[in-house]
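Here is a friendly walk through one protein chain. Have the sequence and the 3D view open side by side as you read.

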Amino acid sequence: MDKSFVETYLNFEKVDWAKMQTSTVDTLYMTIVSMIVVFVLGILLGLLLYSLGRKKSASYQILYNVVSIISNIFRSTPFMILMVLIIPFTKTLVGSMIGASAALPALILSAVPFYARLVEIAFREVSPGVIEAANAMGANYWQIIYKILVPESMPALVSGFTVTSVSMIGFTAMAGAIGAGGLGSLAWSEGFQLGNQTVTLVATVIMLLIVFVVQGLGDYFTQKLDKR
């Protein structure tokens, strides 16, 4: 039994370490590039949702509902389905539907609405009294954003970014199953399909290590920024 387990899962001679390294780089590339874009667009969309939600007029409420519905559509669509649906858009934008860069549009479109909701929630948790005090002192809209909203909600923003990043790593694995490359692709094509469980195990362990590093850094910075 022990020998069978070792031969199945721990036969490292079956691992092509050059491909494993390339796949790890692809996974990191997809995660880092997409999360940079997600952070910027998520902050902007979250700020838009927060600003529209505070307005009392009917026109602003209608606009808020429209933006919210569009955001919910992309946020609720399963990633694999979204990636297939936007293949024509991806081919036009990137020039290919295969490779790490081809996964970026779907990764970004799925994660931006999710992070934007976390940003909106973080902004809503800022004490209204602090904002009212800033208004009373003559602060304008943009001053309130970068002097009050963002600093006060920074721990929640970092925490939300960490959660989104961890989810993004999982999305890259799913993207790999349909040709995006990365550790998910390697685990599927050379691990599962060829019955090489050692490759699948090694790819899984590397992805877990990436998740642990991201989560650890996120928790560290969240605690450092938390003034409570």
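The report below goes from the whole chain to a few single residues.

## About the model

This is a predicted model, in which local features need pLDDT of at least 70, side-chain atom pairs count only at pLDDT 80 or more, and totals for chains, interfaces and linings use all residues. Residues are numbered from 1 along each chain as its sequence is written, and side-chain values use heavy atoms, with hydrogens and water left out.

## The chain as a whole

The protein chain has ten helices and zero strands. Both kinds of element are DSSP runs numbered from the N terminus: helices are H or I with at least four residues, and strands are E with at least two. Along the principal axes, the C-alpha atoms fill a box of roughly 75 × 45 × 25 Å.

Of the 228 residues, 39% count as buried. Here buried means under 20% relative accessible area, exposed means over 50%, and partly exposed lies in between, using a 1.4 Å probe and protein chains only. The accessible surface comes to about 12800 Å², and 69% of that belongs to carbon and sulfur atoms; the areas come from the Shrake-Rupley method with a 1.4 Å probe, and for residues only the protein chains shown count as cover.

## What the UniProt record marks

The unreviewed UniProt entry annotates residues 24-218 as "domain: ABC transmembrane type-1". UniProt positions are given in the numbering used here, feature names are shortened, and annotations may be inferred rather than shown by experiment. In the model, residues 24-218 are 86% helix and 0% strand, with end C-alpha atoms 21 Å apart.

The entry also gives "transmembrane region" for residues 28-50, 62-87, 93-116, 156-178 and 198-218. Residues 28-50 are 100% helix, and their end C-alpha atoms lie 31 Å apart. Residues 156-178 are 91% helix and 0% strand, with 34 Å between the end C-alpha atoms.

E120 sits in helix 6, residues 100-124. Is E120 buried or exposed? E120 is buried because its relative accessible area is 3%. The side chain of E120 makes a polar contact of 2.9 Å with that of R117. A polar contact is a pair of N or O atoms within 3.5 Å; within protein, one must be able to donate a hydrogen and the other to accept it, and residues adjacent in sequence count only if both atoms are side-chain atoms. Beyond its neighbours within four places in sequence, E120 touches G46, L49, Y50 and Y64.

S71 belongs to helix 3, residues 58-76. With a relative accessible area of 3%, S71 is therefore buried. Outside four places in sequence, the contacts of S71 are L45, P113 and R117.

K19 is part of helix 2, residues 17-54, and is partly exposed because its relative accessible area is 39%. Which residues does K19 contact, leaving aside neighbours within four places in sequence? They are L186 and E190.

S167 lies in helix 8, residues 141-176. At a relative accessible area of 30%, S167 is partly exposed. S167 and A133 are 34 residues apart in sequence and, C-alpha to C-alpha, 37 Å apart in space.

Technical notes: Contact means heavy atoms within 4.5 Å.
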